[in-house]
Amino acid sequence: MSRKRPVVIAVTALCLLAAGCADSSTETVGSESPKSGSGSGYPVTVENCGEKQTFTKAPERVVVMNGASVAEVSSLLALGLGDRIVANQQSYGRSEVEGRAEAIKALPKGDVKLNDAYDIPREAMLGLRPDLVLSVTSYGFDTKNGFATRADLSSVSANSYISPQGCDDDPAKMTVADSYTLLRDLGKIFGVSDRAEKLIAESEKRIATISTEVADEKKPNVMVLFSNMAMGGNDFSSIVANGIINDILTKAGGTNAFANASRTTFADLSKEKVAATSVDSLVVISYNDPDPEAYAKKLLKEFPQWPAAKTNTFTVLSDSIYLGPSNDVAVDKLARTFHPDAF
């Protein structure tokens with residue numbers, strides 16, 4: 001079954017999700033805040049997409065827009081800031097980090113009627129009385145889309161933040177470093193920079209260790225796509241071509257088989273083109289799909305000529321493979337899939 005979604009949701013679907021991990025004791029999944037500044041260290045100013053956002057205290061009424069991402073809400077949870085969220089519209093339905101999907105599900109949604117893009121329209125946004133609104137790209141603050149603009153929010157004393165590489169609404173240039181920037185900025189905004197830097201350091205160390213282990217291994221050609229999602233007119237329109245996933249694949253010792261198929265984040269390809277490409281390993285991204293494993297197995301059966309089909313080599317990931325606080329989890333899982341003998 002193919003699930004049609006608005007084009008904007010599809011385009012920003014990879015604006016997803018570097019430091020926490022499923023087997024790490026340092027990840028904060030729950031919603032209780034650590035002590036964050038409300039006096040000492042403030043005011044702080046963050047330069048964001050050409051605008052300076054000044055905070056006189058740590059935000060207490062945070063709204064997280066959808067954008068087909070969980071990067072922002074996951075980063076807040078990883079920093080122990082879930083109790084600051086008054087409305088969250090982000091969800092992938094599952095997570096590689098134990099307890100995170102449940103923690104996201106338990107967050108308040110703000111009791112608002114969403115628009116056709118599954119997000120919060122202007123009047124509903126202003127009615128939530130936020131002091132900070134997070135959007136994965138500039139799309140979330142575009143008046144043409146029916147959203148409150150950054151100026152609208154500023155007029156009611158609310159700050160706004162667009163995640164790294166989202167200023168021009170094009171995540172194709174995103175890398176793992178942008179996940180660290182997101183954590184670092186949120187750490188500064190909420191007065192928990194020590195927590196952010198600890199998460200970043202742990203992630204960098206883990207990824208560096210894994211990358212060293214697989215440095216001399218042969219890089220498999222990897223196909224990455226969203227499970228049961230249609231974004232264009234061809235049979236395969238949710239294939240990842242560019243963005244943070246390519247950086248994650250490289251760090252895990254793999255290469256994107258479709259990196260040259262498009263200059264944008266996604267490639268929209270025919271079944272014939274997909275069939276003619278050698279795929280050594282399949283990665284399916286689950287975005288609110290109840291059975292992504294079944295989709296992966298269906299693809300391997302549909303293309304038996306792939307080396308991946310002959311060796312049954314596939315894995316399913318969700319939030320860790322996109323922008324956010326758990327990219328090291330994706331690197332670890334992918335490296336073990338691509339190079340099992342290296343570990």
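What pLDDT does the chain average, and what share of the residues score at least 70? The chain averages a pLDDT of 90, and 89% of the residues score at least 70; pLDDT is the predictor's confidence in each residue, from 0 to 100. Over residues 1–38, however, the pLDDT is below 50, although this stretch has 160 contacts in the model beyond near neighbours in sequence (a contact means heavy atoms within 4.5 Å).

This is a predicted model, in which local features need pLDDT of at least 70 and side-chain atom pairs count only at pLDDT 80 or more, while totals for chains, interfaces and linings use all residues. Residues are numbered from 1 along each chain as its sequence is written, and side-chain values use heavy atoms, with hydrogens and water left out.

Consider next the aromatic rings. Five aromatic pairs are found in the whole structure; rings of Phe, Tyr and Trp (its six-membered ring) pair if their centres lie within 6.5 Å, and planes under 30 degrees apart count as stacked, over 60 as edge-to-face and the rest as tilted. The ring centres of Phe303 and Trp306 are 4.6 Å apart and their planes lie at 15 degrees, so this pair is stacked. Both Phe303 and Trp306 are buried (under 20% relative accessible area, with exposed over 50% and partly exposed in between, using a 1.4 Å probe and protein chains only). Ring pairs also link Phe236 with Phe303 and Trp306 into a cluster.

Strand S10 comprises residues 236–240, and five of its five residues are buried; strands (E, at least two residues) are DSSP runs, numbered from the N terminus. S10 runs antiparallel to strand S12 (residues 266–269), joined by three bridges.

Definitions and conventions. Helices (H or I, at least four residues) and strands (E, at least two) are DSSP runs, numbered from the N terminus. Two strands pair if DSSP finds at least two bridges between them.
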